[in-house]
Amino acid sequence: MDHSRVPVLEALQEFRRRGDVVFGPPGHKQGRGADPRVAEIVGMDVFRSDVLSLNGLDDRRQSQGVLNQAQELMADAVGAEQAFFSTCGSSLSVKTAMLAVAGPGEKLLLSRNAHKSVISAVVVNGVEPIWVHPKFDRERHIAHPPEPDDVRRRLREHPDAKGMLLITPTDWGTCADIRGVARVCHEAGVPLIVDEAWGAHLPFHPELPVWGMDAEADLVLTSVHKMGGAIEQSSVFHLQYDRVSPEALKQREDLLGTTSASTLVYATLDGWRRQMVEQGHELLDAALRRAERVRAAAGDLPGLRPMGGEIVDEGLAAEFDPLKIVIDVRELGVSGMQAAEWLRAERHVDVGGSDTCRISASITHADDDETEKVLLDALRALVDRADTIDRRPPVHLPEPSALELEQAMLPREAFFAEVDHVPAEQAPGRVAAEMISPYPPGVPAIAPGEVITAEVLDYLRSGVEHGVLIPDAADPSVKTLRVVARR
């Protein structure tokens with residue numbers, strides 16, 4: 001296919017050349033009504049390019065086929081049979097994908113170290129989750145993806161499961177054996193969905209971890225805004241084989257998605273695909289070399305322990321994305337969250353993630369010598385000034401087994417059940433009616449329907465005292481909890 005073509009961008013350029021006057025949404029009318037004070041900050045071109053697809057450019061229902069052409073080019077670029085764009089981010093795409101495979105009341109295998117968006121999908125879709133617990137790394141206090149044998153065991157226990165959702169790479173860059181899991185699923189006659197939100201760049205360089213489509217996954221979701229070059233909320237479904245119906249996928253996306261899709265998202269997805277096909281290997285090659293330098297320089301700093309390929313050598317993960325700079329900071333006497341806050345406040349550097357033990361920074365094709373220097377200078381300053389950071393009460397990290405809570409009710413039933421609000425001291429033994437997700441990293445410590453334990457409560461409450469945010473709990477202080485009523 002001709003990857004110099006960018007159908008959405010070309011249609012947008014033609015729309016602007018024609019100078020159409022639109023008497024429908026958006027109400028700012030390509031910037032005519034934009035507040036100049038807003039345009040001064042975000043730029044007038046944002047408004048000029050904010051065009052409704054239906055009566056402006058195209059959408060998948062229109063005969064011009066602009067979007068279809070762009071999606072066909074994307075599928076060809078990454079080796080998928082079909083690709084579909086979403087403008088609602090992968091948080092919604094994962095809900096769509098799950099609903100395309102398993103309906104209400106049906107079983108679906110899920111990695112338990114999933115982001116809250118996956119647990120939200122379980123509540124919204126009404127599927128019965130069959131948790132596949134991740135491999136816990138006791139030394140690093142981190143969860144790596146489950147292995148094929150873990151999936152095989154759960155499929156044998158639940159032969160009526162409709163499929164598996166695997167999250168890889170994790171937020172920390174550790175990757176699953178996708179091909180091994182896919183073959184286990186296919187032996188059982190069910191599809192593998194891969195939530196590869198952090199992996200949009202993987203198809204475009206051989207030194208990166210294997211891409212889900214190349215590893216025999218049936219349906220792969222990517223968030224192109226995370227490691228790619230499209231704007232926020234840019235998500236793509238990639239589909240192959242016949243285990244997931246493209247018709248069902250489209251209908252579920254229509255059910256959950258927006259009818260006011262953003263042309264800005266479509267256009268940047270289209271342009272990013274062209275950039276990667278034409279220049280991706282060169283750009284990612286430079287990023288890989290840059291990440292090597294950053295990781296090596298960070299490793300030479302006292303108190304910093306970058307994570308790298310050793311986790312593969314230790315058998316903890318199948319692969320590791322080297323563009324993720326994950327650094328354990330505990331030897332500095334601070335938490336990752338404290339380090340992240342200090343870097344933002346004192347050095348104006350925003351790291352991509354943090355938790356009680358570590359920080360992470362993503363190196364992408366967009367980085368250059370200047371951003372590399374800024375990051376390394378900030379890390380050197382952190383090491384030099386760590387003793388000036390106020391000490392906080394420690395987070396009581398539980399044993400990994402303590403995080404594997406009993407599922408007493410279906411998440412949907414518990415979430416919509418009649419509830420009591422009880423003091424935290426009375427919560428152990430009760431069934432949670434809410435999701436409680438420490439941020440960072442946003443993986444629920446308690447999901448609806450799980451039996452609350454004293455160990456997990458201690459972890460959450462000590463986290464709050466340390467500064468962990470818990471934005472989805474009814475009571476973010478975790479002094480009270482929302483539990484299923486006993487009546």
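## The β14-β15 pairing

Gly353 has Ser360 of β15 as its bridge partner. Strand β14 and strand β15 (residues 358-362) run antiparallel and are joined by two bridges. Helices (H or I, at least four residues) and strands (E, at least two) are DSSP runs, numbered from the N terminus. Two strands are said to pair if DSSP finds at least two bridges between them.

The model is a predicted one, in which local features need pLDDT of at least 70 and side-chain atom pairs count only at pLDDT 80 or more, while totals for chains, interfaces and linings use all residues. Residues are numbered from 1 along each chain as its sequence is written, and side-chain values use heavy atoms, with hydrogens and water left out.

## The four-stranded sheet and helix α13

The open sheet has four strands in the order β11-β13-β15-β14, with antiparallel pairing. Its edge strands, β11 (305-307) and β14 (353-354), each pair on one side only. Helix α13 (residues 336-347) packs on this sheet and touches β14 and β15; the direction of α13 makes about 50 degrees with that of β15. Axes are lines fitted to C-alpha atoms, for helices over the stretch in contact, and angles run from 0 to 180 degrees between N-to-C directions. Contact means heavy atoms within 4.5 Å.

The loop between β14 and β15 contains Thr356. This residue counts as buried because its relative accessibility is 16%; buried means under 20% relative accessible area, exposed over 50%, and partly exposed in between (1.4 Å probe, protein chains only). Residues up to four places away in sequence not counted, Thr356 touches Arg330, Ser335, Gly336, Met337, Val395 and Leu397.

## The seven-stranded sheet

Another open sheet holds seven strands in the order β1-β10-β9-β8-β6-β2-β3, and its pairing is mixed. Strands β1 (82-86) and β3 (128-132) stand at the edges with a single partner strand each, so one side of each is left without a neighbour in the sheet. On average, neighbouring strands of this sheet are turned by 20 degrees against each other, direction ignored.

Within this order, strand β6 (residues 164-167) and strand β8 (residues 192-195) run parallel and are joined by four bridges. Leu165 has Ile193 of β8 as its bridge partner.

## Packing of helices α4 and α11

Two packed helices are described by the angle between their axes and the distance between the axes. For helix α4 (residues 66-78) and helix α11 (residues 263-299), the angle is about 35 degrees and the axes are 10 Å apart. Their crossing is left-handed, a term for the near helix being turned anticlockwise from the far one by less than a right angle (right-handed if clockwise).

On the α4 side, the contact is made by Leu67, Ala70, Leu73, Met74 and Ala77. Helix α11 contributes Tyr266, Leu269, Asp270, Trp272, Arg273 and Val277. By class, the contact has nine nonpolar, no polar and two charged residues, where Ala, Val, Leu, Ile, Met, Phe, Trp, Tyr, Cys and Pro count as nonpolar, Asp, Glu, Lys and Arg as charged, and the others, Gly among them, as polar.

## Ser117 and the cysteines

Ser117 is found in helix α6 (residues 116-125) and is buried, at 9% relative accessibility. Leaving aside neighbours within four places in sequence, Ser117 is in contact with Ser91, Val94 and Lys95.

The structure holds zero disulfides, a disulfide being a pair of cysteine sulfur atoms within 2.5 Å. The closest cysteine sulfur to that of Cys175 is in Cys185, 17 Å away and therefore too far for a bond. Cys175 is buried at 4% relative accessibility, and Cys357 is buried at 1%.
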